[in-house]
Each structure stands twice: as C-alpha cells, then as structure tokens.
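Work through the exercises below with the model open. Try each task before reading its solution.

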Amino acid sequence: MRYGEILTNSNIVDVTSLVKNYDDLTAVNGITFSVNKGEVFSLLGPNGAGKTTTIEILETLRSHSSGSVTVFGRDLFNRKNHELIRNRIGVMPQNFNAFDWLTVSENLSYFKSIYRSNIDIMDLIGIVNLESKKDSLYKNLSGGLKQRLGIAITLINDPDLIFLDEPTSGLDPKARRDTWDLIIKLRNHGKSILLTTHYMEEAQALSDRIAIMINGEIIDSGTSDFLISKYGGSKNIIVKQFTDEFKNLFDKSIVLDDGHRLLINYESSEDLLKIIKALESTGSVNAEFEIKTPTMEDVFLKITGKRISTEGKIS
C-alpha cells in the first residue's frame, strides 16, 4: 500500500452524476461509472461524445460543473488531493508527441528527471519492446513505435492507474495489434487502465468492461458479452451451395439477395451442431459455411441506428 492510500473498496475510480458545461454546451451530461482495480475499462464512442473531457477531469486537468468523483478513494474536487492523485496516474493524451531530436532512451531519461523517478530506463524500454530502438531518434520512429514510447513515458512514475486516450488512432493494423498486446501486458501486470476509443473491435478485444458514450451520456455499460447478449441479436450461419432438402429443414432461414446463400439464426453450440449434421444428412457435401457472431459494432448499430467511421465520425 502506498503512502496516503485510502481506498476502501476495489474501485480505483468512482464517478457519480458527472456534468461538465461550457456555456450553452453540455459536454458531459450526468454520467456514472466506476473503474475496478486491475481492469481495462473503456469509454467507447465517436468523436465529440465527451470521452476526452471526462478523462481530463479525472486527470485533474479540467474542473467539473457538478457531480462527484473519487480517485483512489480521494475526492477529486478537493484540490488538496490533486497532487496525491497525479503522483499515482500515468497519462497518454491524444496526438502524443515527444522530443524529435532525442533518442528513445534520452526521452525517457528526461521524463524520469521531471518525475524524480527511481525507475530503471532499460526496464521500461524492455516492457514496451523497444530495446532495438533505444538509440533511435523519436522523429525516425514509426507511428506504432512512437505510441509504445508514449506508453513507456506514462509508466515513468510506476502509476497505479493509466489513462490512454485513443491510443491506436491512425495506426496501421499491425501497429494497432502491437499496441493491444502491450495494453494487455500492462493489465496482466496489475495496472488499471482507463481507455477511450472509437474502435469497436478494440473495445471488445481489450476491455473487461465497456461504457458506450454518445452526446455526453453513457447509454449502457458492462462486459462485451453482456452488451452483445443484450443488443447484438442472434448468431448466424451463412451456408453456400446447399440442397433444397437442406433448405426445407429450416422454416425461418433467409435466402440472401444473391440467391446462393442461406442465412440461419442459431442460439447455442448445440443448434450449430444440428445445422452442420443436417448438411451431412441432406447430401450438401459441397456446402461452404461462414459463422457470424454479433460484435460491438452490432451493439452500437442497434442502440444508435448509426455506425462509427474509422475516423471516429458518426455515419
């Protein structure tokens, strides 16, 4: 236990009825959520949903309009607690940048001196797998490697809680997956992580729990399995090159627009096994099938009637 720690439960963060107004604009509108110790909690939503404003309040960078927040059991809105909170958090903002003409190790040494940290720089470089780049200038790193350095800098003070604001925005698929692996590694080392993202697959892959946020409000929250079960709809199998006999076994099947594919809903693995056995018994020996399970994208579409583009915009 660290000096000054007053946690009374497993929650690192407790937010209740939080509101942030800017003149006539309500950026955050009465949201409530908690972050448990040792979990990845994601605020999922489009640009302008209020995600960044929310975490900037938790980071003590912005004031609130109303509501209550505790971080590590301490009232955030008592300014006397801010330094204690800041000493125990790590922050990587959107559009993170370091010093172009410093190397990886030099950048880390600089931030180490600011925090007066005792952490070993080479240990940090090892955690984010940048050993081969330790002497490379920041400006020469790829986007994914820059993000890894950004996460290393958030760890410079050995924080208990890490804020990652859209950490993979603009990265190519490989760099995004590498960043996911690093986030999972941090969670497995006991770090609590509050992540904001507009990528549905990212939230589903990384999060212990997800809060769907739009227009300053949290629409629903829970595990991805809970949200998919609640909103995602049925699981489907799409069958190609089927016989008429097979088709006639499934009254509620749907022939898709090309006329050569059959969509069948199923609920359980037992249902799926029956469908596959029916393919065998009806002589559909050349059949091909594709199993489609609901995703967080289906959840968001069901709740809002809209999708989020790769740029984070509602469409």
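**Exercise 1.** What volume does the second largest pocket have?

*Solution.* The second largest pocket has a volume of about 360 Å³. A pocket here is an open set of points on a 1 Å grid over the protein atoms alone, where a 1.4 Å probe fits, with protein on both sides within 12 Å along at least five of seven lines. Grid points are joined across faces, edges and corners, and the volume is the space filled by probe spheres set on them. The model is predicted: local features need pLDDT of at least 70, side-chain atom pairs count only at pLDDT 80 or more, and totals for chains, interfaces and linings use all residues. Residues are numbered from 1 along each chain as its sequence is written, and side-chain values use heavy atoms, without hydrogens and water.

**Exercise 2.** Describe the lining of the second largest pocket.

*Solution.* Start with the residues. Lining residues have an atom within 4 Å of a point. There are 19 of them, and Gly90, Val91, Phe111, Tyr115 and Ile153 are the closest to the pocket centre. Next, the elements. β6 (89-92), α3 (104-115) and α5 each give at least two lining residues. Helices (H or I, at least four residues) and strands (E, at least two) are DSSP runs, numbered from the N terminus. Last, the classes. The lining has 10 nonpolar, seven polar and two charged residues. Ala, Val, Leu, Ile, Met, Phe, Trp, Tyr, Cys and Pro count as nonpolar, Asp, Glu, Lys and Arg as charged, and the others, Gly among them, as polar.

**Exercise 3.** Which order do the strands of the open four-stranded sheet take?

*Solution.* The order is β2-β1-β4-β5, with antiparallel pairing. Two strands pair if DSSP finds at least two bridges between them. β2 and β5 (74-75) are the edges: each has a single partner strand, so one side of each lacks a neighbour in the sheet.

Now trace the bridges. β4 (residues 66-71) and β5 share two. Val71 stands opposite Arg74, and Thr70 opposite Asp75. Between these strands the hairpin has two residues, and Phe72 takes a positive phi near 60°. β1 and β4 are joined by five bridges. Val19 has Ser66 in β4 as its bridge partner.
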